[in-house]
Amino acid sequence: MQLSEQEIVRREKLTKLREMGIDPYPAALYPVDATSKSIKDSFSEGKQVVISGRLMSRRIQGKASFAELQDSEGRIQVYFNRDEICTGEDKTLYNDVYKKLLDIGDIIGVEGELFTTQVGEKTVMVKNFSLLSKALRPLPLPKVDAEGNTYDEFNDPEMRYRQRYVDLVVNPKVKETFIKRTKITNSIREFYNERGYLEVETPILQPIPGGAAARPFLTHHNALNIPLYLRIANELYLKRLIVGGFDGVYEFSKDFRNEGMDRTHNPEFTVMELYVAYKDYHWMMETTEQLLEKIAVDANGTSKVTVGDNEIEFKAPYARVPILEAIKTHTGHDVAGMDENELREVAKSLGIEVDETMGVGKLIDEIFGEKCEHHYIQPTFIMDYPKEMSPLTKEHRDNPALTERFELMVNGKELANCYSELNDPIDQRERFEEQLKLSEKGDDEAMFIDQDFLRALEYGMPPTSGIGIGIDRLVMLMTNNSSIQEVLFFPQMRPEKKAVELTDEAKMILETLKKEEKILLTDLKEQSGLSNKKWDKSIKELTKNKLAEVNKTDEGLFVKLG
């Protein structure tokens, strides 16, 4: 492992601390009795406190120093005075340990007394301190110059998502997002628990990936010698519980879909699903309006939420628009009653890519997604989907070609999906068989036939309404984040590229290339001043690691950055 100069210095300090008999990673409990917030909220001059946190800044002025400690609730100023800390002749703890062997980022414990500085800053006068954890890597802290310009911010998204632990330390707003996420899930729990619904857990490893149309992740159970799937939805298990006699159940479910990744999709995501017996989708619309209004107020103190350039009002009621009406409004095509071939021609005329594996449901879904969805900024229930799009949904009571389903659109994206649940086991079997035909045509997102679920329905499931709400997207809305990666502590990432170890000669050539858009191979070799043997070895090293590439042109061989 190649260490930076700062990392080498910190390890040397670590060694010196140990030589002084100081354990840089002590095991004993540290008796913290205060936090930065509690000190500020209930400040009392002269009060004795014990706090801990990360050393984030310090201004050493001889035998005194002001510093900042950051704990889980914010920052507090602390004052180090050599004579307060070292009351005897031995000044080692201040002169050597504090001044020379501590670094920004180290975690320390402080025993002290509260006082107010001349400029009114609430501060802890340090009487004693302990090193609790030595940081061996420097934090990427931003710097502000005299003109107020900020440099060296830790704001590269890939670095932030890979090193979320650093992101949380140096970017306080990131922590606020995740605190608000917990407020949102707590708000949902309060809402459902008050109504007597039971929070449950259902299997993540499933023999059949049911409850949604999506490509699953496949694994293998060695002891049972069977394939298993990471769940794509928990719907069918929750309905089994309704069959078993529960009137209302909900689950915060980790679901997994082996599909594309973008700003609104992660292969692992969280959905809250609720199922309530003796209800329908009209009841669920009203309940969802009440829930989202409560969430907005609990998270932000108001039912109005700013998302990008839009102000979204979560106060009820929300608009209700049938999906076929939405397509007609935004495309001019009345697709009601069209067969697969007619829909495919409409999609092509609208510039939408289609293929032969797509059935009626998939084609309508593509048309709506491409041409309509983005128009619905304010919360809108898009409802009454064609039967082909909704294999688990009860047939519409007034139109047998449709189903009693809605999707809630907010800020141009789906936030929730709800059905009046299909509880006719014969109808359900026929719908599953239609999905099987789509699978045989090559649709790898078509549903499997779940024979056990059909058996459960044959024992009788009461009329039921169910909804799934995407928690990650809900948090994005409530925190004004446009990327799902911002609301997941550890989003899925491509494997991190290992740093390439280069020889000094190769590094020198690479630095030359960075200054040139492209350069003749002969000129680059001449500038390097290397022998033929070292030149050949170095240029091969760079091209092998794809840091440089050589191209042949009519004017000769040119080299440029890879």
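User: Where is Val 78 found?
Analyst: Secondary structure is read from DSSP runs, numbered from the N terminus: helices are H or I runs of at least four residues, strands are E runs of at least two. Val 78 is found in strand β3. The model is predicted, so local features need pLDDT of at least 70 and side-chain atom pairs count only at pLDDT 80 or more, while totals for chains, interfaces and linings use all residues. Residues are numbered from 1 along each chain as its sequence is written, and side-chain values use heavy atoms, with hydrogens and water left out.

User: Is Val 78 buried or exposed?
Analyst: The scale is relative accessible area, computed with a 1.4 Å probe on protein chains only: buried means under 20%, exposed over 50%, and partly exposed in between. Val 78 is buried, at 0% relative accessibility.

User: Which residues does Val 78 touch?
Analyst: A contact means heavy atoms within 4.5 Å. Leaving out residues up to four places away in sequence, Val 78 touches Ile 51, Ser 65, Phe 66, Ala 67, Glu 68, Leu 69, Thr 123, Val 124 and Val 126. As a separate distance, 15 Å lies between the C-alpha atoms of Val 78 and Asp 103, which are 25 residues apart along the chain.

User: How many aromatic pairs does the count come to?
Analyst: A pair of aromatic rings is described by the distance of the centres and the angle of the planes. Rings of Phe, Tyr and Trp (its six-membered ring) pair if their centres lie within 6.5 Å; planes under 30 degrees apart count as stacked, over 60 as edge-to-face, and the rest as tilted. By this rule there are 15 aromatic pairs. One of them is stacked because the rings of Phe 80 and Tyr 98 have centres 4.1 Å apart and planes at 20°. This pair links distant parts of the chain, 18 residues apart: Phe 80 is in strand β3 (residues 74-81) and Tyr 98 in helix α4 (residues 92-101). Phe 80 is buried at a relative accessible area of 0%, and Tyr 98 is buried at 0%.

User: What kind of pair do Tyr 192 and Tyr 250 form?
Analyst: Their aromatic pair is tilted, with 5.2 Å centre to centre and 50° between the planes. Tyr 192 lies in helix α7 (residues 172-194) and Tyr 250 in strand β12 (residues 248-256), so the pair ties together parts 58 residues apart in sequence. Both Tyr 192 and Tyr 250 are buried.

User: Which residue lies over the face of Phe 191?
Analyst: A charge sits over a ring if NZ of Lys or CZ of Arg is within 6 Å of the ring centre and within 35 degrees of the ring normal. Arg 195 lies over the face of Phe 191, 3.5 Å from the ring centre. Elsewhere, the charged end of Lys 518 sits over the ring of Phe 558, at 4.7 Å from its centre.

User: How many residues does helix α9 have, and what span does it reach?
Analyst: The expected span of a helix is 1.5 Å times one less than its number of residues. Helix α9 (residues 281-300) has 20 residues and reaches 28 Å from its first C-alpha to its last, close to the expected 28 Å. Buried residues in α9 include Tyr 281, Met 284, Leu 291 and Ala 299. Just after α9, Gly 301 takes a positive phi of about 80°.

User: Where do phi and omega stand out?
Analyst: Most residues other than glycine have a negative phi, and most peptide bonds are trans. Asn 225 has a positive phi near 55°; Asn 225 is in the loop between β10 (217-221) and β11 (226-230) and is exposed, at 56% relative accessibility. Asp 384 has a positive phi near 60°; Asp 384 is in the loop between β17 (380-383) and β18 (405-410) and is buried, with a relative accessible area of 11%. The peptide bond from Ala 316 to Pro 317 is cis, with omega near 0°, and Pro 317 is in the loop between β15 (310-313) and β16 (319-322).

User: How many helices and strands does the protein chain have?
Analyst: The protein chain has 18 helices and 23 strands. The chain is more spread out than a compact globule, because its radius of gyration is 31 Å, well over the 24 Å that the globule rule gives for 562 residues. That radius is taken over C-alpha atoms, and the rule is 2.2 Å times the number of residues to the power 0.38. Of the 562 residues, 45% count as buried.
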